[in-house]
Amino acid sequence: MLFMALSGISFLRYFVVLRSLSLKPISSDYEIRAYLSLLTTASIVVTLILIIEDVESDWGRALRLASFHVVSLATTTGYASTDYAVWPSFIPALLLVLGCFASCAGSTGGGIKMIRVLLLIKQARRELVRIIHPRVVNPITMGQQTLPANVLTAVLGFMLIYGVSTLALSFVLLLTGLDYVTAVSAVVATLNNIGPGLGAVGPAGNFGELNGLQLHVLSFAMLLGRLELLSVLVLFTAAFWRR
């Protein structure tokens, strides 16, 4: 769990820590604090659900199982020590969602990265304030730095492409005959490089049951996710080849 959690933090921060011989670059980083807070909160929530739903009676074992799977799926490491798909349905859904964004930018984790989600939350909050106060000057900041509009535009564009890609690939798998849970979770798992999904590709199953077409679709999804979508999709634009 320790090394999986460390791998979800930007490696650039480790370089800065070694260069400055101080942990301040990590402790003062807004994204890292959000990342560690999310892992802690999710672990506590999953532990409580396991105890309340009488899945586990021992608090120590419940905390260990919850923390391991939260860290593993959130950092897209993809390890599983038990079939968490048979736990209350909220837990496997939460674990899959965490794998979509929990890792920090510059880490080994996949997904859309924590920093993009934080910027989207700040953007949504600013729009709510603008509805109440239309003339307010409310710039979006990260730490003590004000972010330019083109950064937010890039994030919104990326999220749009991410959402469309997820829907399109899911519908392709549904056309091949897969059930809804397996199709959607398989796309989410591969596009974000999480590893296991749900349904037939859950932690107790594998992707070996899928046919050739389905595996090709998911292979393309893994390529898209690992290369951050845009660098792959740009190859399919006419403007790229004209250059």
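From the N terminus on, the elements of the protein follow the order α-α-α-α-α-α-α-β-β-α-α-α-α-α, a secondary structure of 12 helices and 2 strands, where helices (H or I, at least four residues) and strands (E, at least two) are DSSP runs numbered from the N terminus. The structure is a predicted model, in which local features need pLDDT of at least 70 and side-chain atom pairs count only at pLDDT 80 or more, whereas totals for chains, interfaces and linings use all residues. Residues are numbered from 1 along each chain as its sequence is written, and side-chain values use heavy atoms, with hydrogens and water left out.

For the 243 residues of the protein, the radius of gyration is 20 Å, which agrees with the value near 18 Å that a compact globule would have; the radius is taken over C-alpha atoms, and the globule rule is 2.2 Å times the number of residues to the power 0.38. Along the principal axes, the C-alpha atoms fill a box of roughly 55 × 50 × 45 Å. Of the 243 residues, 43% count as buried (buried means under 20% relative accessible area, exposed over 50%, and partly exposed in between, with a 1.4 Å probe and protein chains only). The accessible surface comes to about 13,400 Å², of which 68% belongs to carbon and sulfur atoms, as computed by the Shrake-Rupley method with a 1.4 Å probe, only the protein chains shown counting as cover for residues. Among contacts with a separation of 6 or more, 58% are accounted for by residues 24 or more positions apart, a contact being heavy atoms within 4.5 Å.

Asn 192 is placed in the loop between helix H9 (180-191) and helix H10 (212-226), and is buried, with a relative accessible area of 1%. When neighbours within four places in sequence are left aside, Asn 192 is in contact with Thr 76, Gly 99, Cys 100, Gly 110, Gly 111, Ile 112 and Tyr 162.

The protein carries 16 positive and 11 negative side chains, and the centres of the two sets lie 21 Å apart; Lys and Arg count as positive and Asp and Glu as negative, while His and the chain ends are not counted, and the place of a charge is taken as NZ of Lys, CZ of Arg, CG of Asp or CD of Glu. The structure holds 5 salt bridges, each defined as a side-chain nitrogen of Lys or Arg within 4 Å of a carboxyl oxygen of Asp or Glu. One of them pairs Glu 56 with Arg 61 at 3.1 Å, N to O; Glu 56 is buried at 15% relative accessibility, whereas Arg 61 is partly exposed at 34%.

A further salt bridge joins Glu 228 and Lys 113 at 3.3 Å, N to O. Because Glu 228 lies in the loop between H10 and helix H11 (230-233) and Lys 113 in the loop between helix H6 (90-101) and helix H7 (114-132), this pair ties together parts that are 115 residues apart in sequence. Glu 228 is partly exposed, with a relative accessible area of 26%, and Lys 113 is buried at 7%. Arg 116 also forms a salt bridge with Glu 228, the closest N and O atoms being 3.0 Å apart; Arg 116 lies in helix H7, so this pair ties together parts that are 112 residues apart in sequence. Arg 116 counts as buried at 18% relative accessibility, and salt bridges that share partners join Lys 113, Arg 116 and Glu 228 into one network.
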